[in-house]
Amino acid sequence: MPITREEAFTEAASKILDTNSFVRAVLSGRRRNMTVDFERIDIRLVEIKGVLHLQLMQNDGRATTTKNLLPSMVEVDQLLNSGYANIMVESTDEAYSIRVTKSGDAQVHTEKRQSEQNLSHDKKKERLLDSNDPFLREVGIADAKGVIKPSRQDKYKQVEEFLRLLSPALNAAIEAGQIHKPTKENPLRITDLGCGHAYLTFAAHQFLINSGIPVVVTGIDVRPDSRDRNNKIAEKLGITKTINFKAEEISKTTAETADIAIALHACDTATDDAIAWAVNGGSKLLLIAPCCHHDIQKQIDAAPEPWGAITKFGLMKERLGDLLTDSLRAQLLRLVGYRVEVIEFVGGEHTPRNLMIRAVKTDAKPEQIDIDRYCEITAQWGVKPALEKKLSTLNIR
Ligand SMILES: C[S@@+](CC[C@H](N)C(=O)[O-])C[C@H]1O[C@@H](n2cnc3c(N)ncnc32)[C@H](O)[C@@H]1O
């Protein structure tokens, strides 16, 4: 029998507050026309000095803040009503999921399954990549003993943190029906654009396969030596059926479209090629960490006043050029029907290029204010971003 949203929330709240059986809950996604303070909230039951608490881990896309509160101090009803579209409550004998549709109705699903309560308080950050995984040795990140090489620590960290953001974004997209549930017959398709030595490409493949997600991964890089090296590693690992590499320019690639496009530090306008390839092919999820930016830098002759006060300093002009480039990329994605976030995917100590553009295809019609903003910024600065010319569905001028 269908139940109302209020009834579904009441049921979910009582499951969260049942300390005999509650295991964890996840609140994610945003309801139509609502804003939320955090991208995702994880709730679990923990025991601190013999007293049960609800631990709230609130992630704003950049960082997670953790609070441990007595259950009576948590406004669970208010939390459930605060604008999240997907709510999952796991108890010891079932998982209770609510999806709030665009019209505000609640679709409820209950799945019988056994889970255990783990009340330990200090949850160590779980490693996503086992340093003993042979792929890390083959790509040169780990040594023969499975120890991460000191010179490769930063790359390892970048890749792992990249995956940490891929995983919830993929789950949310599957839950929201934006990406199909991957099966052996219809696996998830991921393409890594500008893959270089394919640290991220192999990592995404291994991580998803280990998580039981059927996937086919393609790595594209213009360099034939990268393709040959990476295909040899795939052969050695016996995974050529599910990972392959091409030596092609991104803008001319013969690769089929992908559900998810990823790019880690594809140089300059290769990042624009990557975004354009993904958008023009209808990719549902894009995780793009840009690299150096020259395109807009080169186009900025005279800054519109009063910005000359900033661009007269070379360093500031460069940083402002980077910001403009990525802001305009994000804006363009919005204009072609993607929901966009710009986040730091890893600490700045591991790479100064630590910004990520994460975009989910929603096909939402762009708001006029977003079109106006884009047109005014580009007109004021006298720039035409490389990406603008590459997006086949863009219709703003
Ligand atoms: C800085 S490396 C990053 C490699 C890898 N993603 C990583 O993070 O380790 C950039 C890579 O992009 C490739 N690349 C640059 N422009 C390209 C283009 N237009 N098409 C394909 N690959 C390109 C380069 O050959 C290089 O391997």
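Reader: Which side chains meet in a salt bridge, N to O?

Author: The side chains of R358 and E39 meet in a salt bridge, at 2.1 Å from N to O; the term denotes a side-chain nitrogen of Lys or Arg within 4 Å of a carboxyl oxygen of Asp or Glu. The model is predicted, so local features need pLDDT of at least 70 and side-chain atom pairs count only at pLDDT 80 or more, while totals for chains, interfaces and linings use all residues. Residues are numbered from 1 along each chain as its sequence is written, and side-chain values use heavy atoms, with hydrogens and water left out.

The chain is divided into domain 1 (5-112) and domain 2 (134-390), with bounds that come from an automatic or database domain assignment. Seven residues from domain 1 and eight residues from domain 2 take part in the contact, where contact means heavy atoms within 4.5 Å. The C-alpha centres of the two domains lie 31 Å apart.

Between domain 1 and domain 2 the count is one salt bridge. On the side of domain 1 that touches domain 2 there are five charged, two polar and no nonpolar residues; here Asp, Glu, Lys and Arg count as charged, Ala, Val, Leu, Ile, Met, Phe, Trp, Tyr, Cys and Pro as nonpolar, and the others, Gly among them, as polar.

About 700 Å² is buried between domain 1 and domain 2, and carbon and sulfur atoms give 40% of that area. Buried area is the accessible area (1.4 Å probe) that two parts lose on being put together, summed over both.
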